[in-house]
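Trainee: Could we take a close look at one part of this model, and then let it lead us through the rest? I would like to start with a pair of rings.

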Amino acid sequence: MSEKPMKKILLLASFAAAVLLAQQPVAPTNEPVGEARGRTFGNYNLLQSWELGYRFHSVGGSQPKYRSDVNFGNGLRLLGSRLSMNSRDGHGGLFDELVLSTQGLGDDPYEFASFRMAKNKLYRYDLLWRSNEYYNPSDPIAFGLHRMDTVRRMQDHDFTLFPQSRIRFFGGFSRNRQQGAALSSALFPDLLGDVYPVFSDVSRTQNEFRFGNEVRVAGMRINWLQVFEKWREESRNNQPARSPGLDPTDRAVLDSLANHEPYRGTTPSFRLSLFRETGEHWAVNGRFTYSSGRRNFVFDESAIGVSRFGAASNRQVAVSGDARRPVATGHLTFSVFPGKNWTITNHTGYHSTRIDGLASYREVENASLVFSSADFNYLGIRNLTNTTDASWQIRPWIAVHGGYRFSDREIRSRQVQTIDDYPYSLESSQNNRLQAGAAGFRLKPAKGTTLAFDGELGRQSRPFAATAEKDYHGLSARFQHRTNAVSLSAMARIFYNFNTVSLSVHSSKSRQYSFDGSWLPSDWFSVDAGYAYLHADTATGIQYFLAGALNSGQTSLWLSNLHSANLGVRTSFRQRADFYAGLSLTRDAGGQSGGAAPPLAGFLAAQSYPMTYLSPSARLSLRMHSKLRWNAGWQYYGYREDRFPAQNYRAHTGFTSLLWTF
Amino acid sequence: MVGSPGLRFLVSLHLFLAVQAGVLKAAPSFVGSAACRTCHPNIVVDFFRNPHYKTQTMEGQPPERAGCEGCHGPASEHVASRGDKTKLVAFSLLQPKQVLDNCLRCHAESLGRAQIRRSSHSLAQVACNACHSIHKPRTPKSLLAREQRDVCYGCHANVRAQFAQPFKHRVNEGFMNCSDCHNPHGAQAANWATGARPRMVDAGLGNEEPCLKCHTDKRGPFAYEHPATRVDGCAACHQPHGSAHARMLKRPAVFTLCLECHNGLANFGTEGDGIRTTPGSHNLADSRFRNCTVCHMRIHGSNASEKFLR
């Protein structure tokens with residue numbers, strides 16, 4: 001093959017990789033600078049790409065909602081970078097492979113850095129660092145009192161010694177830290193009292209250390225891993241100033257409140273796995289894990305104010321205790337391959353979770369003293385699952401598969417209530433059984449074309465929650481056609497679940513249809529478009545109190561008709577200028593459910609939630625030099641709720657950057 | 001080892017006749033990766049960046065596990081036929097199970113792939129090369145054909161629509177990946193819900209839902225657990241991909257979500273005789289009682305209040 005067509009194919013391939021994109025932020029830039037071969041230093045080849053730019057934004061309407069959904073700000077950013085160093089002969093000094101990629105460093109709300117360093121046969125080290133600034137106004141929830149403005153930073157380190165040998169060693173460390181400001185709520189003067197906003201200083205940390213080893217013996221691999229996980233919370237809630245509370249008719253006043261619930265937890269876990277996979281006649285793997293979660297906690301709250309009767313009210317609550325949650329699991333999977341085109345697998349899983357502990361409770365209210373043992377509620381879950389699946393490639397153009405699933409779950413609980421200093425224990429248990437069958441087939445009528453049909457039917461006895469899957473069936477069909485220039489796909493899926501018991505009924509119906517296509521007629525033009533329609537409606541029997549009277553036999557209805565469309569057009573002019581224009585539209589059309597909703601304004605308003613979320617974007621990328629590009633982009637976000645316009649916003653975001661690759 | 005001359009003659013005669021009859025053919029032999037450079041220069045020239053390059057450079061690798069022929073099989077006939085794709089292992093011509101068998105010869109070593117034979121992808125005939133591109137990878141680490149989210153959206157367009165909603169996990173923004181929660185190579189039976197579904201969601205090392213790997217404050221154990229979250233999982237109330245509703249809830253208003261389970265009707269809940277209905281003091285006409293979590297603020301579990309009030 002001559003060099004020119006090959007180059008064209010490479011360019012086409014990189015172009016094809018750029019289409020079918022999710023509607024992601026307009027920066028960093030996706031356009032490649034050119035065919036980078038890197039620079040060679042001694043035995044190493046170095047390939048780099050750095051995109052440095054400036055972001056800007058302008059918001060009209062609800063700034064908090066914009067921060068919740070998008071959250072891009074102004075400033076200089078290292079929008080994206082990639083660096084790779086590879087030894088050319090596979091025998092480097094300290095390493096053979098070094099890969100670093102970053103996104104949004106500077107002050108973007110979504111930042112990450114991924115790093116790998118490896119030397120063949122000796123070691124491999126992986127690092128993933130991430131940071132997310134998250135703001136949530138939650139206006140429709142808890143009157144907007146549960147806002148949060150926090151930063152979560154996560155890092156994962158994994159080290160493997162002798163990665164390609166028969167004996168391997170693993171070590172790792174992960175850290176997850178969430179910090180920031182938030183709001184919460186508290187009740188005063190007692191748990192039936194008024195609601196008061198409190199400030200919250202969030203501080204949560206989780207550290208995980210792990211080490212293990214794997215040995216290959218007699219065709220089997222034996223792998224074990226020991227994990228020590230430690231986590232703690234030191235969040236503090238405060239209301240230092242006098243606050244009247246939410247209810248203007250309640251005469252209680254809170255002068256100050258502070259509560260603090262520090263805890264320390266640890267989850268040591270052990271995992272042992274054995275597996276054999278040769279691909280010839282059979283394969284087997286087993287896995288056993290045990291984790292013994294434990295948490296020591298203290299809850300301390302003091303509140304000072306005036307009760308609803310006008311008397312001074314001081315309250316102090318102290319709770320301490322420890323909670324345990326041992327979890328044991330076992331899994332065994334056996335696969336057999338009776339013929340070249342047959343696979344039969346059987347998977348058995350067993351889980352046991354027990355949550356128990358001890359706690360003491362002390363409440364001091366003015367002069368009275370209450371001291372009691374807190375009634376720790378026990379919860380135990382035991383689950384046995386068995387799944388058998390078989391697939392058979394009958395001919396190159398047709399394959400069938402089928403399976404049967406069985407689960408048996410036991411839930412045990414013990415709730416203790418202390419009445420007149422005498423604890424009454426209420427113990428109960430219930431069993432659920434789920435049986436489900438699934439079958440499907442795949443057709444390949446022509447090269448690049450696939451048709452798939454699947455179905456599943458399931459029955460569960462006594463589902464735990466009214467809305468859980470009980471009597472369900474699902475059907476799906478999928479079509480895909482792919483050639484070098486055209487990619488088309490379509491999908492249709494329904495999932496219906498019906499729970500009928502003597503007094504209540506829950507039914508949920510979801511129907512999903514999607515169409516996607518991309519067209520790449522030449523190396524300078526491509527277009528991709530997609531549309532998805534997601535319908536969901538539920539009807540659930542409810543009962544509730546209205547002015548002291550019980551309302552039974554009513555139905556809560558909810559309906560969503562979500563339309564989602566995306567369009568992207570990319571064009572290139574003589575490989576010097578690239579232009580991309582995209583559009584993402586999400587519209588929940590809402591609607592009126594078929595049944596009769598409870599005659600209460602709150603229910604009627606909650607029946608559906610029509611809204612529109614629109615985001616067009618455009619990006620221009622100019623090649624200034626074989627190694628340098630100048631980019632500029634714009635993205636608009638428009639959010640509109642039909643019923644609660646207070647959260648609507650319109651935002652223009654943009655960036656300009658230089659991308660340097662060599 | 002053949003002993004007597006007579007027996008040697010008989011074996012030789014048998015082999016001669018078999019070859020003449022076409023029963024025995026000379027097996028294709030290994031030619032080494034250098035031979036591939038002639039026709040595939042663009043692949044070979046950059047191959048040192050590929051993680052598979054180590055098979056070519058590590059000493060002591062048998063030829064069936066080294067370099068190009070480690071995956072594509074002995075290439076002597078392919079070379080002799082001047083590039084006939086049918087004369088070697090061409091992945092574009094293989095059935096999905098054959099692709100899987102080939103890749104698992106080396107890649108079965110990872111625990112993360114222990115369930116690959118029964119994964120939904122394998123059952124749906126989606127083999128390794130549907131997502132991974134060995135020679136033109138977009139991601140240097142796992143050799144995916146495109147960015148991970150785009151690989152997944154390529155088939156799961158309905159999921160792309162869910163992530164396009166205002167409240168969502170930040171997958172499109174690059175902060176998270178699908179594989180933070182899902183194992184595309186198949187997962188063990190879950191220890192929440194009834195174990196059979198969902199099928200591709202990977203439990204964390206502490207045998208918990210993957211949500212709790214990040215949302216550590218919700219993990220407990222608590223003196224008072226909200227059983228629905230522990231038994232049926234977070235998806236009992238939340239839509240993990242994305243939602244139009246705050247906190248990624250399944251409903252626009254909290255009280256409808258709560259009332260759908262807390263309806264006091266028989267057969268459900270830990271006691272099997274109904275999940276508690278709201279008390280008579282909760283007048284649903286009052287907006288305070290329609291904002292359940294304003295008072296029940298520790299709804300995921302509490303150490304100080306059985307009703308999650310503090």
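Trainee: Are Phe188(A) and Tyr196(A) buried or exposed?

Mentor: Both are covered: Phe188(A) is buried and Tyr196(A) is buried too. Buried here means under 20% relative accessible area, exposed means over 50%, and partly exposed is in between, all with a 1.4 Å probe and the protein chains only.

Before we go on, a word about what we are looking at. This is a predicted model, in which local features need a pLDDT of at least 70, side-chain atom pairs count only at pLDDT 80 or more, and totals for chains, interfaces and linings use all residues, while side-chain values rest on heavy atoms, with hydrogens and water left out. Residues are numbered from 1 along each chain as its sequence is written, and chains are lettered from A and ligands numbered from 1 in the order in which they are written. The pLDDT is the predictor's confidence in each residue, from 0 to 100. Chain B has a mean pLDDT of 85, with 90% of its residues at 70 or more. For the complex, the predictor gives an ipTM of 0.90 and a pTM of 0.89.

Now back to your rings. Over all chains, the structure has 26 aromatic pairs. Rings of Phe, Tyr and Trp (its six-membered ring) pair if their centres lie within 6.5 Å; planes under 30 degrees apart are stacked, over 60 edge-to-face, and the rest tilted. The centres of Phe188(A) and Tyr196(A) are 6.2 Å apart and their planes stand at 75°, so this pair is edge-to-face. Trp519(A) and Phe525(A) are also edge-to-face, because their centres are 6.3 Å apart with the planes at 80°. Trp519(A), at 45% relative accessibility, counts as partly exposed, and Phe525(A), at 24%, counts as partly exposed as well. There is also an aromatic cluster, made of Tyr66(A), Tyr613(A), Tyr639(A) and Tyr649(A).

Phe188(A) has something else to show: a cis peptide bond joins Phe188(A) to Pro189(A), with omega about 5°. Pro189(A) lies in the loop between strand 8 (167–188) and strand 9 (194–217) of chain A. Strands and helices are DSSP runs numbered from the N terminus, with at least two residues (E) for a strand and at least four (H or I) for a helix. In chain B, Gly220(B) and Pro221(B) are joined by a cis peptide bond too, with omega about 0°. Pro221(B) sits in the loop between helix 10 (211–214) and strand 2 (224–225) of chain B.

Loops hold another backbone detail. Ala547(A) is not a glycine, yet its phi is positive, about 50°. Ala547(A) is in the loop between strand 26 (525–546) and strand 27 (549–573) of chain A, and at 67% relative accessibility Ala547(A) counts as exposed.

The strands themselves are worth a look. Strand 3 (residues 75–87) of chain A is mostly covered, with ten of its 13 residues buried. Two strands pair if DSSP finds at least two bridges between them. Strand 3 of chain A pairs with strand 2 (residues 44–61) of chain A in the antiparallel sense, over twelve bridges, and Leu46(A) stands opposite Met85(A) in strand 3. Strand 3 of chain A also pairs with strand 4 (residues 97–105) of chain A, again antiparallel, over eight bridges. There, Arg82(A) has Ser101(A) in strand 4 as its bridge partner.

Rings also take part in contacts between the two chains. A charge sits over a ring if NZ of Lys or CZ of Arg is within 6 Å of the ring centre and within 35 degrees of the ring normal. The charged end of Arg88(A) sits over the ring of Phe48(B), 4.5 Å from its centre. Arg130(A) has its charged end over the ring of Phe175(B), 5.8 Å from the centre.

A cavity is a set of points on a 1 Å grid over the protein atoms alone where a 1.4 Å probe fits but cannot get out, and its lining residues have an atom within 4 Å of a point. Grid points are joined across faces, edges and corners, and a volume is the space filled by probe spheres set on the points. The whole structure has 14 cavities of 30 Å³ or more. Of its 15 lining residues, the closest to the centre are Thr343(A), Ser391(A), Lys97(B), Ser122(B) and Gln125(B).

Conventions
1 Å grid on protein atoms, 1.4 Å probe; cavity = no way out; pocket = protein on both sides within 12 Å on 5 of 7 lines; lining within 4 Å.
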